[in-house]
Amino acid sequence: MADEVSRRGGGAAAAVTDLFRDHHLELVRLALLMVGDVATAEDVVQDAFESLQRGWHGLRRPSSGLAYVRSSVLNGCRSVHRRAAVARRHAPELVEPRELSADTSLAADDRSEVAALRLLPRRQREVLVLRYYLDLDVAEIAATLRIAPSAVRSTATRGLAALAQHYRRADQ
Amino acid sequence: VTDLENCLRRDLNKIAERVTEDSIRPLRVRRARRTRPARLLAPIAAMAAVVAVIAGVSLAAHTGQAPAPATQAGLPLYYVTVTESTDLQERTSLVATVHDSVNGAVLARSSFPGMPVAPEGWLQITGGGNMFIVSVGLDLFRLRVAPDGRSMQLSPFSIPWHPAGNLQLAGVALSPDGTTLAITASGACNSPQTCFYDVLHIVSLTTGAARTWSTQVVSADDIYAIGQVGWAGNDHVVFGGVGSTLSLLNVSGRRGGSLHAARVLPVSSSPGNAISSLPLVTPDASTIFLTTTNGSGPESVESIKEMSARTGKTIRVLDSTPWIQIEAVPTSCVVYALAAKGVHVLLGCENVFGRLDNGKFTRLPGKAAYNQSAAW
């Protein structure tokens, strides 16, 4: 990646390289929590950085590069789920259900809060992962998901309530 | 912080840490994108799309079709969507579209010229009749729609924000007479550990004069509590929303002041009944039409309620959002806008866009995009 961006030259290359060096691991982990598969997560993050490199000059502020690439990662994860859903619909026998595979992190412990995240709508899952894994504040989550801060608050509240309800049911 | 939050944080980190610097595979060398057939076809496809849009607009202009007459009582002639989209070169753009309320047909479409949509931007549209206001982050646009909905004018304008920086918009509402804009926002001053603001801006669209009501909140956890804003007549606003009570404030005076001058209404969020939007208030501020979220998780639905501002009690539940199956995944719907005291509702359900009229859901053309807002 560093070679690739330096070949393209300019301050953008340096900035993207810095972002890559500082946040690549964190973003792969974020993608893993969203898609449940390391290889797919790595692909999604690589795509996101390539997209950032191409779109760097369209950013309003260079400081928003991290928010941009986070959004790209989440968009990529959504695309993974959409493609999987379409594939399941048309050829279910050919699609390995990733979330149930042996090495799937999110299903590794069905009693964990993380496994219960799978039951939540996409938006709630994203907000909770950004809040409790990346420790982003409301404004940063709003920027990443491109939604209003008030929506972040309500979505987080609903997500936590759903998790709590899930555990109450599980305990009964 | 609850036990649940602690457990969630701990488990997320535990799983994430299974990936380490050493375990990540080397980056893959991708085939040059330009060699892909799709890439070669992209410019052609883009040109074709542009030609198709121009042809469609021209055809519509020549036929001179007016919006289909709204056959249902109170159904506005048209609604406006504002959508952020990404083209084949992954450049983002913002497009406003006027749709026929009956069938969703496109009546007019316009791009926001020179508008770079930053990742941190989010959209809101407010208004009604022929005048709408669009906010993209702190950028504001006036959108005037012709009475027949077939053309529109889009123009940027600015207001004197206070405090000047670090503001996050929470809600935007145009007064019923279309002359005044109410904006709720929250901000942090230079020392964000100690200083946060909730702000209400009242801006005259005719003179540009702005008045500000503000209050300092004690911690970052309270920020954004000001939430949504709506008008009760042309002299009062109601604000509040997510996780908080609603308050009524007289804004007819010549000066601003403290938000503490507002009268707290007995309408508040409660567990399992969270206020999610505040679209309509009667001119006498006696009745509020809002949406609340009932339940949680995939089964959550938004209920459209008529509530008494005096007692805080629900007068009646007008409707509930449907529960739609998309790609085998059940999806709850989100309310964009209400019309006719909540009888007509614009909804987004994952990528499905639709209208709810007295409990009947009608899917409308187009998709509910991730970053989209809509108003009657």
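This is a short talk about how two chains are built and how they meet in one predicted model.

Residues are numbered from 1 along each chain as its sequence is written, chains are lettered from A and ligands numbered from 1 in the order in which they are written. Since the model is predicted, local features need pLDDT of at least 70 and side-chain atom pairs count only at pLDDT 80 or more, while totals for chains, interfaces and linings use all residues; side-chain values use heavy atoms, with hydrogens and water left out.

Let's begin with the two chains. Chain A has 8 helices and 0 strands, where helices are DSSP runs of H or I with at least four residues and strands are E runs of at least two, numbered from the N terminus. Along the sequence, the pattern of chain A reads α-α-α-α-α-α-α-α. Chain B, on the other hand, has 2 helices and 27 strands.

How much of each chain is buried? For chain A the figure is 58% of 172 residues, and for chain B it is 51% of 376 residues. Buried here means under 20% relative accessible area, exposed means over 50%, and partly exposed is in between, with a 1.4 Å probe and protein chains only.

Now contacts, meaning heavy atoms within 4.5 Å. In chain A, 62% of the contacts between residues at least 6 apart in sequence join residues at least 24 apart. In chain B, residues 24 or more positions apart account for 45% of the contacts with a separation of 6 or more.

On to the place where a helix of one chain packs on a helix of the other. Two packed helices are described by the angle between their axes and the distance between the axes. Helix α6 of chain A, residues 122-132, packs against helix α1 of chain B, residues 3-16, at about 85°, and their axes are 9 Å apart. That makes α6(A) roughly perpendicular to α1(B), a label for angles of 65 to 115 degrees. The axes are lines fitted to C-alpha atoms, for helices over the stretch in contact, and angles run from 0 to 180 degrees between N-to-C directions.

Which residues meet there? From α6(A) come A:Leu128, A:Val129, A:Arg131 and A:Tyr132, and from α1(B) come B:Glu5, B:Leu8, B:Arg9, B:Leu12 and B:Asn13. By class, the residues of this contact divide into 5 nonpolar, 1 polar and 3 charged.

Let's stay with α6(A) for a moment. This helix is largely enclosed by the rest of the structure, because 9 of its 11 residues are buried. Among them are A:Arg122, A:Gln124, A:Arg125 and A:Glu126. Helix α7(A) is also largely enclosed, since 7 of its 8 residues are buried, including A:Val138, A:Ile141 and A:Leu145.

In the loop between those two helices sits A:Asp135. A:Asp135 has a positive phi of about 60° although it is not a glycine. Most residues other than glycine have a negative phi. With 45% relative accessibility, A:Asp135 counts as partly exposed. Over in chain B, B:Ala285 also has a positive phi of about 60°, and its place is the loop between β17 and β18. B:Ala285 counts as buried, at 13% relative accessibility.

Next, the cores. A nonpolar core is a set of buried Ala, Val, Leu, Ile, Met, Phe, Trp, Tyr and Cys residues joined through side-chain atoms within 4.5 Å. The largest has 56 residues, and A:Phe49, A:Val73, A:Leu128 and A:Leu163 have the most contacts inside it. Several helices of chain A, including α2, α6 and α8, together with α1 of chain B, each supply at least two residues of this core. The biggest giver is α2(A), with 13 residues. Apart from this core lies another, of 20 residues, among them B:Val80, B:Ala108, B:Val134 and B:Met152.

B:Val98 lies in strand β2 and counts as buried, at 0% relative accessibility. Leaving out residues up to four places away in sequence, B:Val98 touches B:Val80, B:Ala108 and B:Met152, among others.

Finally, B:Ser308 is in strand β19, buried at 12% relative accessibility. Its side chain reaches the backbone nitrogen of B:Arg310 at 3.2 Å. Beyond its neighbours within four places in sequence, B:Ser308 is in contact with B:Val267, B:Ser286, B:Lys313 and B:Ile315.

How values were computed:
Angles under 35 degrees count as roughly parallel, over 145 as roughly antiparallel, 65 to 115 as roughly perpendicular and the rest as oblique. Ala, Val, Leu, Ile, Met, Phe, Trp, Tyr, Cys and Pro count as nonpolar, Asp, Glu, Lys and Arg as charged, and the others, Gly among them, as polar. A polar contact is a pair of N or O atoms within 3.5 Å; within protein, one must be able to donate a hydrogen and the other to accept it, and residues adjacent in sequence count only if both atoms are side-chain atoms.
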